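Subject: Structure for your attention

Dear colleague,

Please find below the structure that I am handing over to you.

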Amino acid sequence: MKLRLLVQLGWRNLWRHKRRNGILLGGITFAIAAVVLANSFIRGMQVQMADNAVDLMNGHVKILAPGYLDDPGIAQSFEVAQDWRPDALEGITSDMVAGWASRVRVPAVIMSERETRGIQLVGIDPASENISFVGKLAIQGEGLADAADRRVIVGAGLAERIETQVGRRIVLITQGADGRNREAGYRVAGIYRSDTSSLEKIFVFTGRDTVQDLLETNVVTELSVRLTEERFSPPLLQRLANVFAGLDVMTWQQLDPTAAAMTAIIDVVILVYFFIMMGALSFGLVNSLVTAVMERTREMGMMRAIGMRPRSVLLQVVLESTLIMGAGIAGGVVIGVLAYLPIADGVDLAAFNEALSTFGLSNVLVPQLFAQDVILVVVLSLILGFVASASPAVRCMKMGPLEAMRR
Amino acid sequence: MSEEVVQCRGVTRVYADDAVPVHALRGVDFAVHKGDWVSLAGPSGSGKSTLLHIIGGLDRPNDGSVSVDGQSLGGLSEAQLSDLRLRKIGFVFQAYNLIPVLTAVENVEFIMQLQGIGASERRERALEILDRLGLDDIGDRRPGELSGGQQQRVAVARAVVTDPVLLLADEPSANLDTATTKELLELLRNINENHGVTIVTATHDPMVMGYAKRPVNLRDGAIESDGASTDAGTTAPSPDA
């Protein structure tokens, strides 16, 4: 009953100074909308960084021979049975696994008629590569047909540098496990384009069996497993460590610590950004509340005099703050979500390609609006509203009725 | 002797905020009986408003005791004093009487809302008192749309709607013209005589004093004369006066 009275008083008091409170409400709404929208971009960057790190042929978990990371060559390799599958492991079900792929990745030299470049030669089974960026490549010409395909696909950036094109022949030279060089000529089946331009200059793909033939071996250098959700990573890691004892079983975070650190930092960035935006706004809120309380000191004194408890006066000031904060939060969230919807499919940032690729980001940034981020903003804003109203409210409560009425 | 609604014993109030302490009240002994209308009068600084505020629990004496309707005010917390004012005392002030964002009828309902009285009952009682005081046509207006006299009458309606044991009015006519003051005083007389509400006013206004049943004059923080000291049982001015 009394709470209803206080809400009624608070609500009407807000309408007493339409302009002032309107400006304040506008500020809160704008700030909340900006925070919601900016969070969706920041979260989008975080998701994209993590996705890209997983996409970059890491998977969520990857198996490597010991020493491969320091000296990536065919000497650091291992065998995998043709019919091996991760969802056959105890405790790992098929709905936990998005896919897996074994590859032979070795450093090599690519030679065209005009240029020579150092590259990473990756032997793949194209049917398995839906778990990495390789499966999503836009290819001019043709893609690889299967693991035995003897053609290559090269990145547009590399093709431009070595001045080759679809249908031309190139020569690949790499070192076998015995230390002797192996070389062979391959026809360019297709030229791929990637959102991350640096990849185009590094990776050359051909069939996995083709690379094994070239190196006269049947081993692979890596086995990646992609999960449907990140949270399945620990149990899989444990099972794989048991099955592939003696090999390195690593998460994408261990393989790409920079990306892992950046995604972790983003959780903090979101909070820092929130406190900067809302912190600045809270000065306006405190100022407005202090003014409102000062203007109504006599009135509040009178209310105390006729029987309103000190605590109720405090509650009224807090309620006024909460009401305006609540209205601003509601408006801000609605505007933030409405602003997010048209860009939910992604924003083309091709103009910043070089800078983005440095951070492991693609040209198209897809904002991610998570309910927990919106809830965090709402809860923190309400807490901020309480904190901002504390000083004027306590001041008002501590003042005796007579003292207040004499002001 | 009729029942005592207010009893003050040796009430002393010293304001020590400034370099020189100001003795606003010097050991005042004073009582108000049920059905009385006491007018506290005296020049500025005589202590009449201070005494009224102490009786109303808005101020605390440095020494002495005060009780209202048999309840001692000494030792009550701010919240308990608020409750006492809410349940037992009606107030009419010189100005800033009404809550600007509430209509006249909502202002009258305000105290009943604080008391937790249900919506339909308080609306009924608010409309009834406004009707009884001839204010039925202004119930839906906000204070800003009312004249000074109308505002004071609404304040009286709010003060008496919960049947308090005591109505305290501090300079109720200060901002009113003669005709409006007369209207207000007639209203208070009606409440006092016909509804038995005990009233204490603090005023400079001779017209208010003229309406009161018992004029009490204060000077320099002590009671100089008490119009009904004999039957009211009040004491003579304190030795400090």
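I begin with one residue of chain A. Ala339(A) is partly exposed, because 15 other C-beta atoms lie within 10 Å, a count between the 12 or fewer of an exposed residue and the 20 or more of a buried one. Please bear in mind throughout that this is a predicted model. Ala339(A) belongs to helix α10 of chain A, which covers residues 310–340. Apart from neighbours within four places in sequence, Ala339(A) is in contact with Ala33(A) and Leu37(A). Between Ala339(A) and Gln253(A) there are 33 Å from C-alpha to C-alpha, at a separation of 86 residues in sequence.

Also in chain A, strand β1 (residues 61–64) may interest you. Val61(A) and Ile63(A) point one way from this strand, whereas Lys62(A) and Leu64(A) point the other way; all are buried. In a regular strand, side chains alternate between the two faces of the sheet. β1(A) pairs in the antiparallel sense with strand β10 of chain A (residues 248–251), over four bridges. Four bridges also join β1(A) to strand β9 of chain A (residues 222–227), again in antiparallel fashion. Ile63(A) takes part in both pairings: this residue stands opposite Val249(A) in β10(A) and opposite Leu223(A) in β9(A).

I turn now to chain B as a whole. Its secondary structure comprises eight helices and 10 strands. The radius of gyration of chain B is 18 Å, which agrees with the value near 18 Å that a compact globule of 241 residues would have. Along its principal axes, the C-alpha trace of chain B spans about 50 × 45 × 40 Å. Of the 241 residues in chain B, 49% are buried. Among contacts in chain B between residues at least 6 apart in sequence, 68% join residues at least 24 apart.

Chain B contains an open sheet of four strands in the order β2-β1-β4-β5, with antiparallel pairing. Its edge strands are β2 (22–33) and β5 (71–72) of chain B, each of which pairs on one side only. Strand β1 of chain B (residues 4–15) runs antiparallel to β2(B), and eight bridges join the two. Within this pair, Glu4(B) stands opposite His33(B) in β2(B). Helix α1 of chain B (residues 48–55) packs on the sheet and touches β1, β2 and β4 (63–68) of chain B. The direction of α1(B) makes about 125 degrees with that of β1(B).

A further open sheet in chain B has six strands, in the order β6-β7-β8-β3-β9-β10, and its pairing is mixed. Here the edge strands are β6 and β10 (222–226) of chain B, each pairing on one side only. On average, neighbouring strands of this sheet are turned by 20 degrees against each other, direction ignored. β6(B) and β7(B) pair in the parallel sense over four bridges, and Ile89(B) stands opposite Leu166(B) in β7(B).

Helix α5 of chain B lies across β6 and β7 of chain B, running at about 175 degrees to β6(B). This helix (residues 148–160) has 13 residues and reaches 19 Å from its first C-alpha to its last, close to the 18 Å expected at 1.5 Å a residue. α5(B) is mostly covered, with 11 of its 13 residues buried. The buried residues include Gln150(B), Arg153(B), Val156(B) and Arg158(B). Against what do the buried residues of α5(B) pack? They pack against β6 (89–92), α3, α4 (119–132), β7 (166–170) and α6 (178–195) of chain B.

Finally, I come to the interface between the chains. In total, 19 residues of chain B are in contact with 22 residues of chain A. On the side of chain B that touches chain A, α2 (78–88) and α3 (104–115) of chain B each supply at least two residues. The largest share of that side, five residues, comes from α2(B).

With kind regards

Technical notes: Residues numbered from 1 in each chain as written. Chains lettered and ligands numbered in written order. Predicted model: local features only at pLDDT ≥ 70, side-chain atom pairs only at ≥ 80, totals over all residues. Contact = placed C-beta atoms within 7 Å. Pairing = 2+ DSSP bridges. Axes fitted to C-alpha atoms, helices over the stretch in contact; angles between N-to-C directions. Rg over C-alpha atoms; globule rule 2.2 N^0.38 Å. Expected span 1.5 Å × (residues − 1).
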